[in-house]
Amino acid sequence: MARTGRLAGILFALAALLTAGRASAQYYDWGPSPASVRWRILRSDDRTLIFPDTFESGARRVMGYMDSVRPFIGYGFRYGPMPTPVVMHTQNFRSNGLVMWAPKRMELLTVPQTDTYSVPWLKQLSIHEYRHTVQYNNLNRGVIRVLSYLLGQQGSLVSVVFMPVWAIEGDAVQAETQMTTFGRALQPSFNIEYRAVGDVARRGYALDKWFCGSYRDNIPDHYQLGYQLCTRSYDRFGEVIWDKVADFSSRRPYLLLSTRIALKKYYGITVRSLFHDTFDSLHRWWQSLPPRSDSPRIIPTPTTSYTTYSHPQPLNDTTIVALKSDFDRPSRLVAVHPQTGRERIIRHTGSVSSRPALQGRRIWWTEYRSSSFWEERVDSRLRYLDLDAGRIRTVKGKRRTLYPTPMGELGLATVDYDISGRYTIDAAGREFELSDSVSVHGLAWDEQSALLYYIGLSDSGMWIGSLD
């Protein structure tokens, strides 16, 4: 009976895979880098790094980060990371990373995120994605491994359905936080949205809404949700519960609810009970903290869905200019009356990459601009709106630019990024080049001291620097 059941399981999974194989969504591709890129290769025991020849210094840092966590990255799982080629793209400002089957690879978009914390982007990204190779290696076992022998990497592709995406990402966030000095889960901003909700478990939303998100209400993403559930399960059971779930599911893929069955079998819980236990515990902790009062006054602006007003700046005594965005309409610059909350749209913008800044009758900002041919080339263009003329213009020659900052009568300062990974601060025509191990995440001009301040980030942490 056992052999018959195992054979039936193999045939079932094979049939499911062959059926799913006709769906193009099973294969995920970010697209090509520019043809002008010259590629180089750096090898280690279980990794092959493929990178542009202008980015060798960054590639060696990524290799160093992975080497330093190699003994620990598989913690909690019975198998370590799988050998994986790593492809690095250096011309895409939409920072991200992925690990994917068919073809098997890790892809890193190396331009540092603008909104980050005190861990270098390459360090956080490489550790996070490296943990995914551990998860995939533990899912690629049993029946799934047999399928990979029969069908190649597309056989292993089926394994990704046996671990929920929130668990995959939450476990990786937990790993990157534990293996860096100040990971994202330690940031107050990482759980502030849940704290604003209050008693999440008793909120009244359907459970699927917390896991799948909403276009109407602000629901934190699956990185935040997954981290909270994964850390709570580790605190409660003293082990990474996904090791047994991955082992059970990979050997019994014919059980379509294998995750649910494994959680009940080994830990006596369901996803629902884990969710309620996690947020009941968090709510009790947050309630025990000293109360804080709100000092700002809320401007009664109109909202139809979850709406964000960011970077408000006074245009005059009766008008505030802000960037407004929500889920169902393009982002736009709006003029708001602070007393009545009335607003009018000044102009719509594209996808904003760094904050708007007001200089006289001009509003400066930067926008993502994708290449019409090379999908892995996404620039950050410098733009401005002339309030008198009502026209938006793009500044020529500023293709990889961030943080436009007015310097009074001296002109405009910007931060420029080079594909080699090096930042340059352009202070009204004077250029200050920084080390290739330093990234810049903010720029400000102080009229009193006549100094230009910037937020720098490197392996030594985050700090404030100044330029005279």
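A surface patch, as the term is used here for nonpolar residues, joins Val, Leu, Ile, Met, Phe, Trp and Tyr side chains within 5 Å of one another, each residue having over 30% relative accessible area and no salt bridge. In this predicted model, Leu256, Leu257 and Ile261 form such a nonpolar patch, with about 300 Å² of accessible area together. Leu256 is found in the loop that runs between helix 10 (242-251) and helix 11 (258-267). Leu256 counts as exposed because its relative accessibility is 66%, and the threshold for that class is over 50%.

In soluble globular proteins, nonpolar side chains tend to be buried together. The largest nonpolar core of this model comprises 86 residues, of which Leu49, Met88, Trp242, Phe275 and Phe279 touch the most other members. Helix 3 (residues 121-139) gives the most to this core, contributing eight residues. Apart from it lies another core, made up of 10 residues, including Val321, Leu333, Ile363 and Leu387.

The surroundings of Leu49 may be followed in more detail. When neighbours within four places in sequence are left aside, Leu49 is in contact with Arg40, Ile41, Leu42, Ala59, Val62, Met63, Val86 and Met88.

His311, in strand 6 (residues 307-316), has a positive phi of about 55° although it is not a glycine. Tyr403, in strand 14 (residues 401-406), is likewise a residue other than glycine with a positive phi, near 50°. Their side of the accessibility scale can also be stated: His311 is partly exposed, with a relative accessible area of 37%, whereas Tyr403 is buried, with a relative accessible area of 4%.

Methods:
Residues are numbered from 1 along each chain as its sequence is written. This is a predicted model: local features need pLDDT of at least 70, side-chain atom pairs count only at pLDDT 80 or more; totals for chains, interfaces and linings use all residues. Side-chain values use heavy atoms; hydrogens and water are left out. A nonpolar core is a set of buried Ala, Val, Leu, Ile, Met, Phe, Trp, Tyr and Cys residues joined through side-chain atoms within 4.5 Å. Buried means under 20% relative accessible area, exposed over 50%, partly exposed in between (1.4 Å probe, protein chains only). Helices (H or I, at least four residues) and strands (E, at least two) are DSSP runs, numbered from the N terminus. Contact means heavy atoms within 4.5 Å. Patches are made of residues with over 30% relative accessible area and no salt bridge: like charges are joined within 9 Å, nonpolar side chains (Val, Leu, Ile, Met, Phe, Trp, Tyr) within 5 Å. Accessible areas come from the Shrake-Rupley method with a 1.4 Å probe; for residues, only the protein chains shown count as cover. A salt bridge is a side-chain nitrogen of Lys or Arg within 4 Å of a carboxyl oxygen of Asp or Glu.
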